[in-house]
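Dear colleague,

Please find below the structure that I am handing over to you.

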Amino acid sequence: MRRLTLGTLLLLTGALGACSNYPLYSDLTEMQANEVQAALLMAQIDAQKTPMAKGTGWSVQVSQGDIPRAMAVLNEKGLPHPPLRTLADVFPKEGFISSPLEERARYIFALSQEIEQTLMKLDGVVDARVHIALPEASLLDEKPQSASAAVVIIEQPGTNLEQHETDIKAIVKDGIEGLSDLNKVTVKFFTRKPTVTMATNSADSSARKSWWPPHL
């Protein structure tokens, strides 16, 4: 009777542990939560999206046993994407009049954000950063200096975005006033480290069973 009772308790403990959900991320926007949940479901990881008890954010939860694999999947895909920063976040406006330097910084920042958001829509892009050098215009310059841009692309493993380098340069060039030469746009590509813990559900199940002690 003691053996049966202990075995039953172990079984119930394992079942309860498998059913418990733990939050991976909290205070996400609904779009961030949708992207995270979709990526996990596509990787065959059961993920739940729930609204936070306080505030307007969202939480994404998975079972405890799926946490390592879920984090590996999200890391590979660069999720959750950081929320789009606004000009007010970076340059809070104080007073009614902005200095020329502040207005210039706002303009360059807005350009960078717009182009980054466009590049992030391309298949295979995990993250993108755009740095713009915009010379100050002068009415006395007969030949104004050309603007330039440096772009960093983080791509998913197995994605060869370098073959689209000319297209990426064209997107950046056309998005920046005063930039008319593709040679003034440099693009560097880096690959996100591939996931090493992408075990299947069946493998996870076998792993969970392996820790069960022998009958007492």
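**Findings**

Helix α2 (residues 30-42) packs against helix α3 (residues 67-77) at an angle of about 115 degrees, and their axes lie 10 Å apart. Axes here are lines fitted to C-alpha atoms, for helices over the stretch in contact, with angles running from 0 to 180 degrees between N-to-C directions. The contact (heavy atoms within 4.5 Å) is made by Val 36, Ala 39 and Leu 40 of α2 together with Ala 70, Val 73, Leu 74 and Lys 77 of α3.

The model is a predicted one, in which local features need pLDDT of at least 70 and side-chain atom pairs count only at pLDDT 80 or more, while totals for chains, interfaces and linings use all residues. Residues are numbered from 1 along each chain as its sequence is written, and side-chain values use heavy atoms, with hydrogens and water left out. Helices (H or I, at least four residues) and strands (E, at least two) are DSSP runs numbered from the N terminus.

Turning to the strands, β4 (residues 125-133) and β5 pair in the antiparallel sense over eight bridges; pairing requires that DSSP find at least two bridges between two strands. Within β5, Val 152 stands opposite Arg 129. β5 and β6 run parallel and are joined by seven bridges, and Ala 149 has Val 185 in β6 as its bridge partner. The chain crosses from β5 through α6 to β6 in a right-handed β-α-β crossover, meaning that, with the strands pointing away from the viewer, the path from the first strand over the helix to the second runs clockwise.

In a regular strand the side chains alternate between the two faces of the sheet. The covered face of β5 holds Ala 149, Val 151, Ile 153 and Glu 155, and the uncovered face holds Ser 148, Ala 150, Val 152 and Ile 154.

In helix α6 (residues 165-174), the buried residues (under 20% relative accessible area, against over 50% for exposed and in between for partly exposed; 1.4 Å probe, protein chains only) are Ile 168, Lys 169, Val 172 and Lys 173. Seen down the axis of α6, these fall within an arc of 135 degrees, so they line one face of the helix; the arc is that of the directions from the helix axis to the C-beta atoms. Their cover includes α5 (100-120), β5 (148-155) and β6 (185-191). Thr 166 and Asp 174 are exposed on the face of α6 turned away from its buried side.

Finally, Ser 112 is found in helix α5 and is buried, with a relative accessible area of 9%. Leaving aside neighbours within four places in sequence, Ser 112 is in contact with Val 130 and Ile 132.

Yours sincerely
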